[in-house]
Amino acid sequence: MSAEDLPVSRFPVPRLADMPADIRERIEAVQEKSGFIPNVFLVLAHRPEEFRAFFAYHDALMDKPGNLTKAEREMIVVATSNLNQCQYCVVAHGAILRIRAKDPLIADQVAINYRKADITARQKAMLDFAMKVSQSAQLVGDADIETLKTHGFDEEDAWDIAAIAAFFGLSNRLANVTSMRPNREFYTMGRG
């Protein structure tokens, strides 16, 4: 069986024509922009109310203005998704990171070992905090926030970093349980 023949999820994936109009329109807009439909949209469409809630929170976290760049937000996703062993999110968000950072190497470096990646000390501190949130949020304390502040982050940034790490913990687990497969297109995006 070739990779193209494998299902994108172990759960049912509705046909585009059978999806609620708002979900179908969102998926078609993504397809128009990217040239393909990322499998996450198809898999989560299995549960329309959860699809809407998931993408509303995703957009609130990932598309908002603030002190974190869009590339830095993607770095958090790639690093924490690797920690959570989520192939789909590492591959998909790695592609987005390469594009947003305009760097064909950055996603692989961050996914494999962000501490050795060609990123700033500020970004390493951001990822250290995100990893702590992902692994042991119960241990996060004032000293962690103070460390972030020494790198130019404020309390709102700390919230954003923590929320992205936490949200993608949910996303990683759903992707793994559903056996969500990364689209082939993601592997080559942003590589030059």
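Q: What counts as buried, partly exposed or exposed here?
A: Buried means under 20% relative accessible area, exposed over 50%, and partly exposed in between (1.4 Å probe, protein chains only). This is a predicted model: local features need pLDDT of at least 70, side-chain atom pairs count only at pLDDT 80 or more, and totals for chains, interfaces and linings use all residues. Residues are numbered from 1 along each chain as its sequence is written, and side-chain values use heavy atoms, with hydrogens and water left out.

Q: Cys89, then. Buried or exposed?
A: Buried, with a relative accessible area of 2%. Cys86 is buried too, at 1%.

Q: Switching to aromatics. How many pairs?
A: Nine in the whole structure. Rings of Phe, Tyr and Trp (its six-membered ring) pair if their centres lie within 6.5 Å; planes under 30 degrees apart are stacked, over 60 edge-to-face, the rest tilted.

Q: What about Tyr57 and Phe167?
A: Their centres are 5.4 Å apart and their planes at 80°, so the pair is edge-to-face. Tyr57 sits in helix H3 (residues 48-62) and Phe167 in helix H9 (residues 155-178), 110 residues apart. Helices are DSSP runs (H or I, at least four residues), numbered from the N terminus.

Q: Is each one buried or exposed?
A: Tyr57 is partly exposed at 41%. Phe167 is buried at 4%.

Q: Which cluster are they in?
A: One aromatic cluster formed by Phe41, Phe51, Phe54, Phe55, Tyr57, Phe167 and Phe168.

Technical notes
Helices (H or I, at least four residues) and strands (E, at least two) are DSSP runs, numbered from the N terminus.
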